[in-house]
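Please look at the sequence and the fold together before reading on.

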Amino acid sequence: MTGVVMLMLVFLIACAIAVCVTRDLLTSVIIYMGYSMIMSIIWITLESPDLAITEAAVGAGVTSLLFFLTLKKIHAIDARNEVRRQHAARMEREEEERRALVRAYDEREERMEQDSEKRGGACDEAGKA
């Protein structure tokens with residue numbers, strides 16, 4: 001076996017393990033697509049173009065499409081997007097709270113400067129008299 005084929009077999013095993021270990025369904029489907037494409041390349045190196053075309057069409061194409069449709073139907077993809085939207089909304093709220101705190105701090109500093117100027121001006125007038 002050549003080094004390329006050995007490397008492909010290592011990637012194939014890595015993809016198989018990754019699909020089993022991954023908890024996210026969408027990620028598992030994408031890794032499965034990679035598995036099918038690697039298997040298709042291995043079939044080409046073994047001089048079986050008919051199996052390579054079938055693996056690419058059925059494994060990476062049709063089966064992955066059916067998995068995506070199933071995930072969409074059970075709202076697994078929508079739920080993932082909802083989590084992202086909730087995270088973005090939470091980050092926006094936290095940013096707005098931070099901005100409000102900065103504004104309050106700036107206003108406080110400004111009031112303190114004005115009070116200091118008023119006291120300083122009153123002291124100057126008393127000193128002149």
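## Length and faces of helix H1

Helix H1 covers residues 3-21, where helices (H or I, at least four residues) are DSSP runs numbered from the N terminus. Its 19 residues, at 1.5 Å a residue, should span 27 Å, and the end C-alpha atoms are 27 Å apart, which agrees; the expected span is 1.5 Å times one less than the number of residues.

The buried residues of H1 are Val-5, Met-8, Leu-12 and Cys-15, buried meaning under 20% relative accessible area and exposed over 50% (1.4 Å probe, protein chains only). Seen down the axis of H1, these buried residues fall within an arc of 75°, so they line one face of the helix; the arc is that of the directions from the helix axis to the C-beta atoms. The face turned away from them carries the exposed residues Gly-3, Val-10, Ile-13, Cys-20 and Val-21.

This is a predicted model, in which local features need pLDDT of at least 70 and side-chain atom pairs count only at pLDDT 80 or more, while totals for chains, interfaces and linings use all residues. Residues are numbered from 1 along each chain as its sequence is written, and side-chain values use heavy atoms, with hydrogens and water left out.

## Packing against helix H2

The buried residues of H1 pack against helix H2 (25-45). Leaving aside residues up to four places away in sequence, Ile-42 touches Met-8, Leu-9 and Leu-12, contact meaning heavy atoms within 4.5 Å.

## Cysteines

Cys-15 is buried, with a relative accessible area of 15%, whereas Cys-20 is exposed, at 68%. A search of the whole structure finds zero disulfides, a disulfide being a pair of cysteine sulfur atoms within 2.5 Å.

Note on methods:
Helices (H or I, at least four residues) and strands (E, at least two) are DSSP runs, numbered from the N terminus.
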